[in-house]
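Let's take a walk through this fold, starting with the overall layout and ending in the core. Keep the viewer open as you read.

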Amino acid sequence: MGCWRGPSTMLACLLLLRPLPSPACPAACRCSSGEVDCSEHALRKVPQSLPTNTSTLWLGYNFISVLGPRSFPPLPGLLLLSLPHNRLKLIHSQALVGLGALQELDLSNNYLTVLNPETFLPLTSLATLNLGRNRLGELDPGVLHALPQLQALLLQDNPWVCSCGILPLWRWLSHNREKVQEKSLLLCRVPEQLNKYPVMAFRNESFRQCQETSLSTKHYIAFLIIGPFSFMASIFFCTFMGSIIVVYHNLCREPHFWRRP
């Protein structure tokens with residue numbers, strides 16, 4: 001009730017109730033109705049003064065090489081993030097914190113070689129992920145398990161290493177074929193005899209050797225138990241045999257001690 005004591009007091013109350021203004025559009029970007037376009041401006045990092053109502057953020061064709069911890073300001077309404085044609089080599093595990101509403105992420109045409117599953121944990125709403133045309137030889141399926149709403153995955157034109165290490169990814173792809181886009185462009189690069197062989201063309205029989213040589217946890221526990229036991233047994237055996245040899249030599253020399261001159 002105190003806000004109505006006078007015009008000046010009422011004006012002050014209205015100013016307090018007014019929402020804080022959104023940050024201004026960065027100088028290197030163009031902003032319009034929630035869409036922020038920062039493409040082709042030779043940026044080396046993500047601008048921090050982005051409007052809080054940003055729903056679409058274009059950052060393609062820049063020189064961004066690393067996304068460090070909390071690279072983005074809080075953007076609770078961001079739905080699309082586009083980062084193609086940069087120089088991305090590393091994405092920190094905390095780089096995408098605060099982007100929980102994100103539905104589409106484009107990381108294509110970069111230099112990514114490895115991805116941490118923890119990086120994608122904040123993206124609980126992500127439906128489309130584009131990792132095409134990077135330098136991925138393998139991909140931890142944990143990255144994909146961290147995305148419960150994933151509907152479309154693009155992995156084309158990466159130098160896939162088609163050895164036993166790709167087996168976990170192949171299993172995920174085989175069980176989620178409807179989510180994999182551009183399947184025909186998932187081609188092996190290594191080894192040479194499988195160069196340009198489609199990853200999705202493998203069958204269970206192709207990995208029989210990998211499955212036969214793989215060891216379970218029980219096997220490793222058995223090795224940990226048998227290993228030290230075998231070592232101790234070998235020491236005991238060597239000590240026992242050495243003692244027998246020493247006693248034998250002493251018995252052989254004993255008659256010489258009792259022989260008279």
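**A tour of the fold**

The protein chain has 5 helices and 12 strands; helices (H or I, at least four residues) and strands (E, at least two) are DSSP runs, numbered from the N terminus. Before going further, know that this is a predicted model: local features need pLDDT of at least 70, side-chain atom pairs count only at pLDDT 80 or more, and totals for chains, interfaces and linings use all residues. Residues are numbered from 1 along each chain as its sequence is written, and side-chain values use heavy atoms, with hydrogens and water left out.

Now for the chain as a whole. Of its 261 residues, 35% count as buried, where buried means under 20% relative accessible area, exposed means over 50%, and partly exposed is in between (1.4 Å probe, protein chains only). The accessible surface of the protein chain comes to about 16,500 Å², and 61% of that belongs to carbon and sulfur atoms; these areas come from the Shrake-Rupley method with a 1.4 Å probe, and for residues only the protein chains shown count as cover. Take the contacts (heavy atoms within 4.5 Å) between residues at least 6 apart in sequence: 49% of them join residues at least 24 apart.

Follow strand 1 to strand 2 (residues 35–37) and you'll see the two pair in the antiparallel sense over 3 bridges.

How many disulfides does the model hold? Counting each pair of cysteine sulfur atoms within 2.5 Å, the total comes to 4 disulfides. One of them joins Cys25 and Cys31, with sulfur atoms 1.9 Å apart. This link is right-handed, with 80 degrees about the S-S bond. Cys25 counts as partly exposed because its relative accessibility is 31%, and Cys31, at 32%, counts as partly exposed too.

Move on to Cys162 and Cys188, another disulfide with sulfur atoms 1.9 Å apart. The link of Cys162 and Cys188 is left-handed, with -90 degrees about the S-S bond. The pair links distant parts of the chain, 26 residues apart: Cys162 is in the loop between strand 10 (160–161) and helix 3 (167–175), while Cys188 is in strand 12 (residues 188–190). Both Cys162 and Cys188 are buried.

Then there's the disulfide between Cys164 and Cys210, S to S 2.0 Å, which is left-handed with -80 degrees about the S-S bond. Cys164 lies in the loop between strand 10 and helix 3 and Cys210 in helix 4 (residues 208–213), so the pair ties together parts that are 46 residues apart in sequence. Cys164 counts as partly exposed because its relative accessibility is 41%, whereas Cys210, at 12%, counts as buried.

Last stop, the core. In soluble globular proteins, nonpolar side chains tend to be buried together. Here the largest nonpolar core has 55 residues, and those with the most contacts inside it are Phe72, Leu81, Leu105, Phe120 and Leu173. Such a core is a set of buried Ala, Val, Leu, Ile, Met, Phe, Trp, Tyr and Cys residues joined through side-chain atoms within 4.5 Å. Helix 3 gives the largest share of this core, 5 residues. Zoom in on Phe72: not counting residues up to four places away in sequence, Phe72 touches residues including Val46, Leu57, Leu81 and Leu99.

Note on methods
Pairing = 2+ DSSP bridges.
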